[in-house]
Amino acid sequence: MLKMKKNVLKITAVLGLTTVLLNSCGPKENTPLVYFPDMYFPVAYDPLMKAQDAYSDHENEIPAFVKNNGATGLSPVEGSVPQNKDGVFEEGLLPKTVDEYNAGYDASKTMTNSPLNPANSAKDLERGKILFEHTCAACHGVGGDGQGPIVQSGAFSGVPNYADREITVGSVHYVITNGRNAMGSYAGQLNAGDRWRVAMYVMNAFKKGAAAPATATPAAGTATPASTTAAAPATTETKTTETKK
């Protein structure tokens with residue numbers, strides 16, 4: 001008899017505790033303070049859209065959402081690394097056809113200045129040099145002559161010498177972003193701002209004295225003006241002569 005009473009008391013205690021626990025969970029008319037309402041009332045958000053205030057029926061709204069007028073895409077935490085600190089917008093969809101690519105490449109040649117702040121050009125060129133030597137020099141060479149270690153090993157060929165190409169900072173950036181011929185896109189390795197920095201470095205380091213002669217390349221059979229020949233570096237003149245041969 002005593003044992004039965006103990007069992008009844010145990011069962012009653014378990015049922016009572018279960019009832020208390022069940023009643024303590026879930027929303028009530030007078031909800032107690034909730035420290036993490038987005039976990040207590042979970043709602044999926046699209047960070048690019050304005051939030052439909054899911055907590056308007058409760059007293060525990062998320063202050064950050066309210067402060068931003070319902071926007072859920074919050075600003076980066078102070079001290080964290082921003083994804084686009086340069087403020088340069090990423091390009092749209094990559095060209096899908098040859099015609100789209102060629103049209104974009106031709107248009108890029110008209111760009112002679114990068115969208116980065118000119119006041120930071122010295123730092124941008126310094127970073128562009130580091131990025132070029134880490135990312136591009138394996139094929140293009142540290143001197144931009146297309147004779148990087150991969151080319152010299154015989155594993156790859158056909159890399160052009162920048163001094164022989166008619167390029168602009170815009171066209172260099174376009175090729176880095178979209179690729180060209182055997183070179184693939186480097187948009188996955190370099191962000192938008194850094195691609196412009198590499199393009200700026202290429203033009204500053206390898207085309208500073210060769211840009212004008214490259215644009216004024218004479219047609220086949222036409223003599224090269226003496227002034228142009230004299231202005232060109234000795235190495236460039238030798239390579240041009242060898243090419244003509």
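The axes of helices H8 and H9 (residues 192-206) come within 8 Å and cross at roughly 130 degrees. Axes here are lines fitted to C-alpha atoms, for helices over the stretch in contact, with angles running from 0 to 180 degrees between N-to-C directions. That angle makes H8 oblique to H9; angles under 35 degrees count as roughly parallel, over 145 as roughly antiparallel, 65 to 115 as roughly perpendicular, and the rest as oblique. The crossing of H8 and H9 is right-handed, a term for a near helix turned clockwise from the far one by less than a right angle, left-handed being the anticlockwise case.

This is a predicted model: local features need pLDDT of at least 70, side-chain atom pairs count only at pLDDT 80 or more, and totals for chains, interfaces and linings use all residues. Residues are numbered from 1 along each chain as its sequence is written, and side-chain values use heavy atoms, with hydrogens and water left out.

Contact means heavy atoms within 4.5 Å. H8 meets H9 through Val 169, Gly 170, Val 172, His 173, Ile 176 and Thr 177. H9 answers with Ala 192, Arg 195, Trp 196, Val 198, Ala 199, Met 200, Val 202 and Met 203. Ten residues of this contact are nonpolar, three are polar and one is charged. In this scheme Ala, Val, Leu, Ile, Met, Phe, Trp, Tyr, Cys and Pro are nonpolar, Asp, Glu, Lys and Arg are charged, and the others, Gly among them, are polar.

Stay on H9 for Asp 194, which lies in that helix. Asp 194 counts as buried because its relative accessibility is 6%. Buried means under 20% relative accessible area, exposed over 50%, and partly exposed in between (1.4 Å probe, protein chains only). Leaving aside residues up to four places away in sequence, Asp 194 touches Arg 127 and Leu 131. Arg 127 is 67 residues from Asp 194 along the chain, yet their C-alpha atoms are separated by 8.0 Å.

Now go back to H8 (169-178), which is part of what covers the buried residues of H4. In H4 (residues 98-108) those are Tyr 101, Gly 104, Tyr 105 and Ser 108. They span an arc of only 100 degrees around the axis, so they sit on the same side of H4. The arc is taken from the directions from the helix axis to the C-beta atoms. Asp 99 and Asp 106 are exposed on the other side of H4.

Finally, the whole chain. It has twelve helices and zero strands, helices being DSSP runs of H or I with at least four residues and strands runs of E with at least two, numbered from the N terminus. Of its 245 residues, 27% count as buried.
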